[in-house]
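The sequence and structure are shown first.

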Amino acid sequence: MTKQDCEQSSYQTKNNANTKSLRNWTMVWVVTMAIAAFAPRFIWDFNTSLTIITLLVNLAVGFRMLVANRDYLRGLDEMQQKILFDAMAVTLGVGLVVGLSYELLEDIKLIAFEPEISHLIIVMCLTNLTAIIAGHRKYR
């Protein structure tokens with residue numbers, strides 16, 4: 001095995017480990033989010049102590065997921081990092097501009113309903129996905 005093959009194999013091994021770690025922490029965070037959202041109502045009848053503990057666990061797992069995401073990004077090659085960082089920059093900008101404008105629509109009575117964060121999350125997810133696809137096409 002040549003030195004380049006060895007480095008490529010090491011990179012792939014580390015990248016796979018970072019991807020699995022991010023996947024696992026994301027799944028655990030989703031589960032803790034579901035527990036925090038539904039258990040107070042359906043399992044422990046809004047017990048304040050259990051609800052606070054659940055939220056703290058959700059926050060802790062969420063921060064660990066962020067660390068796993070950082071490790072994943074740091075482990076990518078420069079091209080992949082550029083594509084993802086550019087996509088995140090566009091997503092942040094769209095989220096900020098669209099989110100503030102969306103909230104303003106209710107304040108100035110152009111919509112009759114209260115804006116929901118889930119709508120903004122959907123817009124941000126679609127923006128991120130589109131920006132990643134566009135970045136991969138650009139650098140193909």
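A charge patch is made of residues with over 30% relative accessible area and no salt bridge, like charges being joined within 9 Å. In this predicted model, E103, D107, E114 and E116 form such a patch of negative charge on the surface. One of these residues, E114, is placed in the loop that links α3 (78-107) to α4 (117-138). Because exposed means over 50% relative accessible area, E114, at 55%, counts as exposed.

Opposite charges also meet in this model. Side chains of opposite charge can pair when their charged atoms come close. The count of salt bridges comes to two, as listed below.

| Salt bridge | Closest N and O atoms |
|---|---|
| D71 with R70 | 3.2 Å |
| D86 with K82 | 3.0 Å |

In the pair of D71 and R70, D71 is partly exposed with a relative accessible area of 29%, and R70 is partly exposed at 38%. D86 counts as partly exposed at 36% relative accessibility, and K82 is partly exposed with 39%.

An unreviewed UniProt entry lists residues 24-44, 50-67, 83-105 and 117-135 as "transmembrane region". In the model, the span 24-44 is 90% helix and 0% strand, with its end C-alpha atoms 27 Å apart. The span 83-105 is 100% helix and 0% strand, and its end C-alpha atoms lie 32 Å apart.

Conventions. Residues numbered from 1 in each chain as written. Predicted model: local features only at pLDDT ≥ 70, side-chain atom pairs only at ≥ 80, totals over all residues. Heavy atoms only, no water. Patch = residues over 30% accessible without salt bridge, like charges linked within 9 Å, V, L, I, M, F, W, Y side chains within 5 Å. Areas by Shrake-Rupley, 256 points an atom, 1.4 Å probe, with all protein chains shown as cover. Salt bridge = Lys/Arg side-chain N within 4 Å of Asp/Glu carboxyl O. Lys, Arg positive; Asp, Glu negative; His and termini not counted. Charge placed at Lys NZ, Arg CZ, Asp CG, Glu CD. Helix = DSSP H or I, 4+ residues; strand = E, 2+ residues; numbered from the N terminus. Buried < 20%, exposed > 50% of the residue type's maximum accessible area, 1.4 Å probe, protein only. UniProt positions renumbered as here; feature names shortened; annotations may be inferred.
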